Amino acid sequence: MSFLLPKLTSKKEVDQAIKSTAEKVLVLRFGRDEDPVCLQLDDILSKTSSDLSKMASIYLVDVDQTPVYTHYFDISYIPSTVFFFNGQHMKVDYGYLNGFRFGAFIKKAAMNILAHVFWWIHVLISLG
């Protein structure tokens with residue numbers, strides 16, 4: 001399913017996505033195209049991408065092609081998902097030790113997580 005979502009293949013492309021995605025949650029799935037768990041997550045993300053298109057932009061990032069970000073975000077579990085909003089990295093606590101990434105999840109959980117992230121962003125913005 002990796003072919004259904006846009007891919008970022010270099011540090012420059014990842015930087016551009018982080019800087020240019022405005023007023024939406026940027027979801028970066030770090031993994032490998034051939035990994036079966038990544039393929040499962042990609043399938044779920046591709047199914048939710050149209051439902052979430054007004055609040056999130058979803059991209060796939062290959063850990064082997066972007067070692068700078070793989071190291072920076074301490075990507076040690078494949079797949080890992082990292083969030084940004086208006087260029088700011090968001091740490092989201094799922095009860096895991098790393099506190100800002102999650103691996104495989106089901107479509108409903110993905111939509112709920114992203115909807116809550118988006119809602120909290122707007123609450124925080126309105127509080128100024």
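Two strands are said to pair if DSSP finds at least two bridges between them. Helices (H or I, at least four residues) and strands (E, at least two) are DSSP runs, numbered from the N terminus. This is a predicted model, in which local features need pLDDT of at least 70 and side-chain atom pairs count only at pLDDT 80 or more, while totals for chains, interfaces and linings use all residues. Residues are numbered from 1 along each chain as its sequence is written, and side-chain values use heavy atoms, with hydrogens and water left out.

**The sheet**

Begin by selecting the strands. They form an open sheet of 5 strands in the order β1-β3-β2-β4-β5, and the pairing is mixed.

Next, select β1 together with β3 (residues 56-62): the two pair in the parallel sense over 2 bridges. Within this pairing, L8 stands opposite V61 in β3.

**The helix across the sheet**

**The salt bridges**

A salt bridge is a side-chain nitrogen of Lys or Arg within 4 Å of a carboxyl oxygen of Asp or Glu. By this rule the model has 6 salt bridges.

Select K7 and D33, whose side chains meet in a salt bridge (2.8 Å, N to O). K7 lies in strand β1 and D33 in the loop between β2 and α2, so the pair ties together parts that are 26 residues apart in sequence. With buried meaning under 20% relative accessible area, exposed over 50% and partly exposed in between (1.4 Å probe, protein chains only), K7 counts as partly exposed at 40%, and D33 counts as partly exposed at 28%.

Move on to D42 and R29, which form a salt bridge with the closest N and O atoms 2.7 Å apart. D42 lies in helix α2 and R29 in strand β2, so this pair ties together parts that are 13 residues apart in sequence. Both D42 and R29 are buried. Display K7, R29, D33 and D42 together: they are linked in a network of salt bridges.

Finally, select K11 and D15, whose side chains meet in a salt bridge (2.7 Å, N to O). These residues are 4 apart in helix α1 (residues 11-20), which means that about one helical turn separates them. K11 is partly exposed, at 39%, whereas D15 is buried, at 17%.
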